[in-house]
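Open the model in your viewer and keep the sequence panel beside it. This tour moves from one selection to the next.

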Amino acid sequence: YFLATRPAFLAVTLVGCCIGLASAHSDRVGLSLVAAVATISLALIAHAAINVLNDYYDALNGTDAINTERVFPFTGGSRFIQNGVLSSRQTLVYGAMLMAIVALGGLWLMSISHARLLYFGLAGIFIGWAYSAPPFKLNSRGLGELCVWAGFALITVGADFVQRGAWSWRPLAAAASYALLVTNILYMNQFPDRSADALSGKRHWVVRLQPQYARWGYVLIAALAYGWLIGAIALGRLPAATAIALLAALLSARAARDLLRWAQQPAKLASAIKLTIAAAISHGMLLSASLLLSPN
């Protein structure tokens with residue numbers, strides 16, 4: 001059951017929470033350890049639930065069953081249903097149980113933080129569910145990248161809100177670049193899954209565009225991420241010290257180079273996928289550290 005949540009990918013949620021906590025600290029908000037631990041725990045369980053439900057809905061539409069080009073262990077889902085580890089029903093029930101834990105925990109977190117936290121929770125759960133589930137199937141409609149960006153921005157903004165108890169633009173300024181780099185993990189992973197996704201009706205942008213055109217989307221998203229950070233610093237929304245997070249651009253550039261070369265041979269993209277994950281996590285960790293060390 002633990003492995004069914006695809007735990008290796010949960011690190012991006014942990015880092016997103018850390019950015020939110022660091023954002024609150026940088027504005028001299030006193031951090032509550034209990035609230036911080038609860039926030040991180042619930043965010044991780046929510047991400048786990050979304051991964052499990054994604055496996056269920058991808059089994060329902062047949063994507064994972066016909067995927068012969070996946071790059072293990074990064075793309076193509078956990079394959080627990082296809083390999084008989086869990087049945088479709090067990091997977092659905094498990095995902096629903098995890099979501100129920102998040103809902104109950106979220107109500108408790110609201111009681112020690114602020115009632116408006118409900119809006120963040122509802123938005124996050126809806127985005128995670130509607131990403132794969134009918135009738136919305138947002139990823140199949142070309143909205144998957146927007147869902148991932150919004151979902152991870154919400155994680156950071158929500159973690160800040162729990163501590164601050166009020167809205168602030170700072171966590172959004174800090175979250176946007178990181179959320180874009182997490183979006184590029186999804187974007188990169190769609191290249192090995194492209195053929196299976198096309199056959200099952202998942203019309204995301206990597207399917208809609210030919211690989212020689214779709215590959216430039218990765219470059220665009222990365223450029224937007226680092227450009228956002230530069231702009232936020234220039235406008236005084238983030239401290240100058242956060243510029244250190246631009247170092248992750250070296251990893252993104254190497255991944256982009258590999259994708260531009262191998263977009264039509266996805267079996268060769270394992271290194272590019274690893275570099276994309278490393279770029280997002282290192283960017284987020286450097287952002288968190290620089291915010292923690294540069295309070296207003």
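Predicted model: local features only at pLDDT ≥ 70, side-chain atom pairs only at ≥ 80, totals over all residues.

## Stop 1: the enclosed spaces

The lining of the second largest cavity divides into five nonpolar residues, two polar and one charged. To see them, select A4, V52, D55, S78, F80, I81, L86 and T91.

How many cavities of 30 Å³ or more does the structure hold? It holds two. Select N54, D58, N61, Y131, S132, K137, N139, S140 and K202, which line the largest cavity. Here the lining has one nonpolar residue, five polar and three charged.

Stay on S140. It sits in the loop between α4 (117-130) and α5 (144-164). Is S140 buried or exposed? S140 counts as buried, because its relative accessibility is 13% and the cut-off is under 20%. Leaving aside neighbours within four places in sequence, S140 is in contact with G201, K202, R203, H204 and R208.

## Stop 2

Now select R6, P7, A8, F9 and P73. Of the 16 residues lining the second largest pocket, these are the closest to its centre. About 290 Å³ of space lies in this second largest pocket. Two elements give two or more residues to its lining: α1 (11-26) and α11 (270-292). Twelve of the lining residues are nonpolar, two are polar and two are charged.

Zoom in on R6. R6 is in the segment before α1. Its phi is near 55°, a positive value in a residue other than glycine. R6 counts as buried, at 17% relative accessibility.

Next, P73. P73 lies in the loop between α2 and α3. A cis peptide bond joins F72 and P73, with omega about 0°.

## Stop 3: the loop between α2 and α3

Stay in the loop between α2 and α3 and pick R79. R79 is not a glycine, yet it has a positive phi of about 65°. R79 is buried, at 15% relative accessibility.

Then pick D64, found in the loop between α2 (33-60) and α3. Is D64 buried or exposed? D64 counts as buried, at 2% relative accessibility. Not counting residues up to four places away in sequence, D64 touches D55, D58, G76, G77, R79 and Q82. The C-alpha atoms of D64 and D193 are separated by 8.7 Å, though the two residues are 129 residues apart along the chain.

## Stop 4: the nonpolar cores

Select Y178, M188 and F191. Of the 72 residues in the largest nonpolar core, these three touch the most other members. Which helix gives the largest share of this core? Helix α6 (residues 169-189) does, with 13 residues.

Leaving aside neighbours within four places in sequence, F191 is in contact with V206, P211, A214, R215, L259, A263, P266 and L269. A second, separate core has 14 residues, including A4, Y57, L98 and A133.

## Stop 5: aromatic rings

Show the aromatic side chains. The count comes to eight aromatic pairs. Start with Y1 and Y94. Their ring centres are 4.8 Å apart and the planes stand at 80°, so the pair is edge-to-face. Y1 lies in the segment before α1 and Y94 in helix α3 (residues 88-112), so the pair ties together parts 93 residues apart in sequence. Y1 counts as exposed, at 51% relative accessibility. Y94 is buried, with a relative accessible area of 14%.

Move to W167 and W169. This aromatic pair is edge-to-face too: 5.4 Å centre to centre, with 85° between the planes. W167 is partly exposed, with a relative accessible area of 43%. W169 counts as exposed, at 52% relative accessibility.

Next, select F126, W129 and F136, which form one aromatic cluster.

## Last stop: another cis bond

Finish at P134 and P135. A cis peptide bond joins P134 and P135, with omega about 5°. P135 lies in the loop between α4 and α5.

Definitions and conventions
Residues numbered from 1 in each chain as written. Heavy atoms only, no water. 1 Å grid on protein atoms, 1.4 Å probe; cavity = no way out; pocket = protein on both sides within 12 Å on 5 of 7 lines; lining within 4 Å. Points joined across faces, edges and corners; volume = space filled by probe spheres on them. Helix = DSSP H or I, 4+ residues; strand = E, 2+ residues; numbered from the N terminus. Nonpolar A, V, L, I, M, F, W, Y, C, P; charged D, E, K, R; others polar. Core = buried A, V, L, I, M, F, W, Y, C linked by side-chain atoms within 4.5 Å. Buried < 20%, exposed > 50% of the residue type's maximum accessible area, 1.4 Å probe, protein only. Contact = heavy atoms within 4.5 Å. Phe/Tyr/Trp six-rings, centres within 6.5 Å; stacked < 30°, edge-to-face > 60°.
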